[in-house]
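Work through the exercises below with the sequence and the model open. Each task is followed by a solution in steps.

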Amino acid sequence: MRGLKPVITSILNSYSGILFLPHPLAGLGILILLTLLSPNLGLSGLICVLSAYLAARFLGLREDFLRLDFYIYNPLLVGLSIGYFFRIGPLSLIFLALMGIFTFLLTYSLSSALSYYFRLPVLSLPFVMGSITAALASYRYSNLFVALHPPEFFWSPHLPLWLEGFLRSLGAIFFMPHPVPGLILFGILLVFSRILALLSLAGYLAGTLTSYLLTGSAHQAFSDPNHFNFVLIALATGGVFLIPSPESYLLALMASVVAVPLTEASGIFWEKFGLPAFALPFNLVTLLMLYSLGLSRYRKLTLYYRGTPERTLDYYLHRETRFPRDPDLEVPVSGKWTVWQGPNGRFTHKGAWRYALDLVITDEEGRTHTGEGLDLNDYYAYRKPIFSPVTGRVVELVDGLPDEPPGSANRDYPWGNHIIIYDPRGFYVVLAHISPGTFRVKKGDWIVKGTLLGLCGSSGYAPEPHLHIHIQSGPEIGTPTLPFVFSSYLKNGEFRDFSLPPEKETLEPAPPEKRLQHILNLLLGDRYIYEILDRKGSRQTFALRVEMAPDGTFYLTDGKARLYFAQRGSAFYFLGYDGSIRSPLRWFFLAAPKIPLALRPHLRWTDYLPLEVVLPPLKKELYLLLLSLYPSLLKPRGRYRALGKLDFEGEIFYGKQRFKVYTRLAPQKGFEEIKIQGSGVFLTIRRKEDERQG
Amino acid sequence: MKKPYQKPSIIKLRVGLLRDKKSGLLRMVRREIDGVPVKDLVRKFGSPLFVFSEKRLRDQFRYLRRLFESHYPRVEFSWSYKTNYLDAICRIFHQEGASAEVVSDFEYHKARRLGVPGENIIFNGPYKPREILKQAVLEGARINVDSMDEILDLEEIARETGQKIRIGLRINMDTGIYPRWDRFGFNLESGEVLSVARRIAAGDRLEVMGLHCHQGTFILDPEAYARAAEKLLRLARKLEEEFGWNIEYLDLGGGFPSRSRPKGLYLPPEVGIPPLSEYAERIARSLLLGTMARDYPLLVLEIGRALVDEAGFLITTVRSTKRLADGRRAHILDAGVNLLFTAFWYHFRIEIERELPGPPEPCTLYGPLCMNIDVVEENAWLPPLPRGTHLILSPVGAYNLTQWMQFITYRPRVVLIGESGQVEVIREAETLEDVVRRERLPEHLR
């Protein structure tokens, strides 16, 4: 029976998934609502989606069925559309089952094709095709009993025109174009996501008011049930496929308005065939938007929708601002270098080659050479070692071009001696202007990060010795470049990660120390006992264990809360927190969201903290809605400073709250002591003993 | 302008000196140090006077760090206390990020007193008293062991404290230079290191985490460092494989030359002494090529002389002049070998506070001590120096302020010229009180 649970969850999710709220409780609510208000409708949908599941199971696609996530709502919607027109009887049951299987296959194939070729979601395209097929086919099936009375309601509230129209449209999404189910649906939206609730209303009003403007008839505009398309477009664009932000909200309104003529046109077109227009405008407009934004490398596309826009936003705010999506490289040099030309640089980093860095060494006066700089040997960067920034394979290596004397440049071979390394993450790294005859690797070599490649030179278009680095999409030199970041570096004594220093700034590699790597390599099975002391002197003992989540991330747990962690680049990170704000694990996150693995006195760094470790749940939800409107409203930030090789202090501030934290690592393994002070909190967490299990 | 009158004189013509035209008289005049007139310094602080330049100290440190770090990703500079352990000097280097390299209980105490945490102290030296050794262990200093007896001491301390102690081993070996210093640590070629390692592993109280060597002083062959690095790397790998230790650092000691001119070096330092960049390049190259990428061990350098020597000056004054029996001119200065211990091995650059008329002639500079050995320079070419002329001797930053003696006379003031030109006393002149304070007159002699 355990195997059934994910299936039930998945089917329930499909109900609420229509509103982009894959949550079993919301799904159950909608299922009950449908069945209660119109048993015919509810049963038809259920039968259709169940037959889709049985077919998937029969074909051995059970896992795929589950993986389709909430897009499994397509068979459901087709079921609803059939149930809307026909009464349930033996024949319509067969029809429902057939259409369910057909729509499942459509969803399965289309979603794969769309995501593979266009990186697009399938949305409800299969439903559009399935329901049109069903409607056309049913012309011939005279044995089907037409549902004479579409769902009727005993009570009809008197509402303002726009509100009634909005609620009716909301209900129309589930084939119940009536304010009562609309109101209930809106309630469900409101409970699970304020952002979606807000978007649904805004999208509807934007689209419908435009339609009113064009048609000149308020009654016509507000009574057209097809206007549910505006609602869906706004939900999808503003909150689901883009990270919620003022920008995404504007785009959502724009998309809803743009969809007005299309909705009208398709309504008239399908009317000719006596068919309802369904959700074609929603699909077309949303896919068009997404495809164009994808092409233009729009930076705030949702990579992984986390169930509600709020959760997506939360994840984006603390994860993606901490770890951007661009590939991370290691600093390919040793010592302190200066960015001479950054991305979109003044000289040569333009157009398709804009994501590139040129590095030189400068002295205290900012000069790149001693003396007059007439000799190559005067230049600090000249013949300094260059290291591999990635682990990968050398796919091209050009050597033998001479170092150009200062002030001259080779126009015929602008890249000079260069090396191209393929990184299995799917891109190519280019390092150029290497000094001839200094390569220590050869074509075909597999090299790891930090391998000595060669020495910096001035071959090619290089008026003075410097290192050029970029990543590109193809193996040929000169293929368009891609953005990248350095996983870690020091900027004037400050530890930075997953970013690029701007032009004229210095950077220095921050290689991890073996000892700290070891201390913070918390292993499965480790168990640490801590005691927590507060101001009143009360003591409490708790134990932490290391466990692994199904996706391979490790976490510390006290049995309930989970604190995810990992070592990345040159630092140890707490990645995320699941659990009550009362768990002591939360203090670990506050005290040490990131620990550079090369602590030394005066080393400084900053980090952003996720909302769940600083705010109680309700407040957090409210803040997320506000943050989507004013992203700069609240950024819980911590500033940290190392005191010694194993301890550091920090200051955390958000809103009016301020904390002082202190962390000391154990000389052998893990955390030794954590102190928190401020905003009414005064506590110490101290290691008591620990034990290791097998 | 009318030229001042010069007494006619006959001098022997000398040819073939390895000096270019610029290195004549002009270069021998120094009116100021870091913008502060020599005359003012003497008037305010007296003569003789040691003068240090904060700017030169910091610039040299930053230069060396930039140099070594641009060649090798993991470098630690450890300030060699014995070179100059004045608080102000040490503090400047610690501020720049250097750890402390100490070789005795006194130096250890001095570093701790300056606020250097134990983990930032490297403890070398052939004799580490039991007491201080234990303190160093408890405070987490990195201890480089010099002898088997010290290993026994440490094992005992490990038993007492119940912890496993992580140590470094001092290694001596043949790196192709002469003389070979084989008195520090354990010999590599004879296999002594490996047998000691076996003994350490068997004792199971200590764990080796670093290797140290100190090849000598004023080493003029950069290749010697490359060879030392290579040999230590090979040894490290062997120790890691055989005993499962993790060798985290290789300490190549000091011995890097400054621009002083050792006696017996014929060429001027600009020609005869390889630039430090060559040392950096050779060391880095052998470490980078000899290690797996990303496993690059921490390179520790105990550079002393090359950091501090050229930032130190000694202002001294001609107190009297005489002719020796062979007709040579001799000057008596107020600073001698009591303050300039390095005068035994090095020639100093001798500069005059102002341009003086008269042809240069060979002369001998004596110190104020009533001892025949008190010779600052046997053969300097100087114009006639009137009484009261100030001479500026350099470089004198290394070893002089640690090896100077309270002998016959008092030790003078030491000042530091700050980065903004302010002059500050960093060590007061000695007084009678300082000298006699530790003396005790037995009752029956009173």
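Domain bounds, as used here, come from an automatic or database domain assignment. The model is a predicted one.

**Exercise 1. Into which domains is chain A divided, and how do domain 3 and domain 4 of chain A meet?**

Step 1. The assignment for chain A gives domain 1 (1–147), domain 2 (161–308), domain 3 (328–507) and domain 4 (514–692).

Step 2. Taken over C-alpha atoms, the centres of domain 3 of chain A and domain 4 of chain A are separated by 37 Å.

Step 3. A contact requires C-beta atoms within 7 Å. By this cut-off, 7 residues of domain 3 of chain A are in contact with 9 residues of domain 4 of chain A.

Step 4. On the domain 3 side, β12 (485–491) and β13 (494–499) of chain A are the elements that give two or more residues. The largest share, 3 residues, comes from β13(A).

Step 5. By class, that side of domain 3 of chain A has 1 nonpolar, 3 polar and 3 charged residues.

**Exercise 2. Which residues of chain A carry the annotation "transmembrane region", and what is the helix content of residues 92–110 and of residues 226–243?**

Step 1. The unreviewed UniProt entry places this annotation on residues 12–37, 43–61, 68–86, 92–110, 117–139, 226–243 and 276–296 of chain A.

Step 2. Residues 92–110 of chain A are 100% helix and 0% strand, with end C-alpha atoms 26 Å apart.

Step 3. Residues 226–243 of chain A are 72% helix and 0% strand, and here the end C-alpha atoms lie 27 Å apart.

Step 4. L235(A) falls among the residues with the most contacts inside the largest nonpolar core, which has 307 residues. Not counting residues up to four places away in sequence, L235(A) touches L19(A), F20(A), L196(A), L199(A), S200(A), G203(A) and V240(A).

**Exercise 3. Describe how chain B is built and how its two domains touch.**

Step 1. Chain B has 13 helices and 22 strands. Its radius of gyration is 25 Å, close to the 22 Å that the globule rule gives for 446 residues, so chain B is as compact as a globular protein of that length.

Step 2. The C-alpha trace of chain B spans about 80 × 65 × 45 Å along its principal axes, and 42% of the 446 residues count as buried.

Step 3. Chain B is divided into domain 1 (21–52 + 312–431) and domain 2 (85–303), whose C-alpha centres lie 35 Å apart.

Step 4. Between them, 12 residues of domain 1 of chain B are in contact with 10 residues of domain 2 of chain B. On the domain 1 side, β16 (346–347), α12 (400–403), β21 (413–417) and β22 (423–427) of chain B each supply at least two residues.

Step 5. That side of domain 1 of chain B has 9 nonpolar, 2 polar and 1 charged residues.

Step 6. The unreviewed UniProt entry annotates residues 66–308 of chain B as "domain: Orn/DAP/Arg decarboxylase 2 N-terminal". This span is 43% helix and 18% strand.

**Exercise 4. Which elements of chain B touch chain A, and which gives the most residues?**

Step 1. In total, 17 residues of chain B are in contact with 19 residues of chain A.

Step 2. α2 (54–71) and α10 (276–290) of chain B each supply at least two residues of the chain B side. α2(B) gives the most, with 5 residues.

Step 3. The residues on the chain B side divide into 7 nonpolar, 3 polar and 7 charged.

How values were computed. Residues are numbered from 1 along each chain as its sequence is written. Chains are lettered from A and ligands numbered from 1 in the order in which they are written. This is a predicted model: local features need pLDDT of at least 70, side-chain atom pairs count only at pLDDT 80 or more; totals for chains, interfaces and linings use all residues. UniProt positions are given in the numbering used here, feature names are shortened, and annotations may be inferred rather than shown by experiment. Helices (H or I, at least four residues) and strands (E, at least two) are DSSP runs, numbered from the N terminus. Ala, Val, Leu, Ile, Met, Phe, Trp, Tyr, Cys and Pro count as nonpolar, Asp, Glu, Lys and Arg as charged, and the others, Gly among them, as polar. A nonpolar core is a set of buried Ala, Val, Leu, Ile, Met, Phe, Trp, Tyr and Cys residues joined through C-beta atoms within 7 Å. A residue is buried if 20 or more other C-beta atoms lie within 10 Å of its own, exposed if 12 or fewer, and partly exposed in between; C-beta atoms are placed from the backbone. The radius of gyration is taken over C-alpha atoms; the globule rule is 2.2 Å times the number of residues to the power 0.38.
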